[in-house]
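The stops below can be selected one after another.

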Amino acid sequence: MSEQLSQQPEQLKQQFTERIVALQQRIDSIHQDFADGRHADWSEQAGERENDEVLNALESEAKIEIQQLSNAITLINNGNYGYCQTCGEEINPKRLAVQPAAIKCIKCAE
C-alpha cells in the first residue's frame, strides 16, 4: 500500500464524503431550477430549453462522480483502495492525486 494512502484513509474518506455532499447540493439546485417552471414567452422558453440541456449534462456528470467516489470509499473500507482492479498492482499515487476514484493503473486503463 502506498505511503500516502496508509497515512490518510480517513482523510480521503472525509474528502470524498465532502465532495459527495457538494455534488448532491449541486444536483438539488438543478432540480430546484427545473421545478421553477417556464416563462410564457416563447423566446424565453427556447433559452430555457438550451439551459436545461446544460443542467442535464451537469447533473449526469455529478451523479457519475458521486458513484465513483462512493465506490472509492467502499474500496478504502475494504482495504483495496489504491490497487488496480485488473492486475492487482498498486496504482501510482500521482494518478490517484489527479483521479482519486481511479480503479485501474495507467497500464490497464489504456
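Select helix α2, residues 9-35, and find Glu10 and Lys13, which both lie in this helix, three residues apart, about one turn of the helix. Helices here are DSSP runs (H or I, at least four residues), as strands are (E, at least two), and they are numbered from the N terminus. The side chains of Glu10 and Lys13 meet in a salt bridge, with N to O at 3.4 Å. The term salt bridge stands for a side-chain nitrogen of Lys or Arg within 4 Å of a carboxyl oxygen of Asp or Glu. Glu10 is exposed, at a relative accessible area of 55%, whereas Lys13 counts as buried at 18%. These classes use relative accessible area: buried is under 20%, exposed is over 50%, and partly exposed is in between (1.4 Å probe, protein chains only).

Before moving on, note that this is a predicted model, in which local features need pLDDT of at least 70 and side-chain atom pairs count only at pLDDT 80 or more, while totals for chains, interfaces and linings use all residues. Residues are numbered from 1 along each chain as its sequence is written, and side-chain values use heavy atoms, with hydrogens and water left out.

Next, select Arg19 and Glu65. Their side chains meet in a salt bridge of 2.8 Å, N to O. This pair links distant parts of the chain, 46 residues apart: Arg19 is in helix α2 and Glu65 is in helix α3, residues 42-78. Arg19 is partly exposed, with a relative accessible area of 33%, and Glu65 is partly exposed, at 25%.

Stay on helix α3 and pick Lys63 and Glu59. The closest N and O atoms of their salt bridge are 3.3 Å apart. Lys63 and Glu59 are separated by about one helical turn because they are four residues apart in helix α3. Lys63 is partly exposed, with 48% relative accessible area, while Glu59 counts as buried at 10%. By the salt-bridge rule the count comes to three.

Now turn to the nonpolar side chains. Which residues touch the most other members of the largest nonpolar core? They are Phe16 and Tyr81, in a core of 19 residues. A nonpolar core is a set of buried Ala, Val, Leu, Ile, Met, Phe, Trp, Tyr and Cys residues joined through side-chain atoms within 4.5 Å. The elements that give two or more residues to this core are α2 and α3, and the largest share, seven residues, comes from α3. Centre the view on Phe16: not counting residues up to four places away in sequence, Phe16 touches Leu69, Ala72, Ile73, Ile76, Tyr81 and Pro100 (contact: heavy atoms within 4.5 Å).

Then select residues 79-110, which an unreviewed UniProt entry annotates as "domain: Zinc finger DksA/TraR C4-type". The chain there is 31% helix and 0% strand, and the end C-alpha atoms are 25 Å apart. UniProt annotations may be inferred rather than shown by experiment.

A disulfide is a pair of cysteine sulfur atoms within 2.5 Å, and a search of the whole structure finds zero disulfides. Cys105 counts as buried at 10% relative accessibility, and Cys108 counts as partly exposed at 22%.
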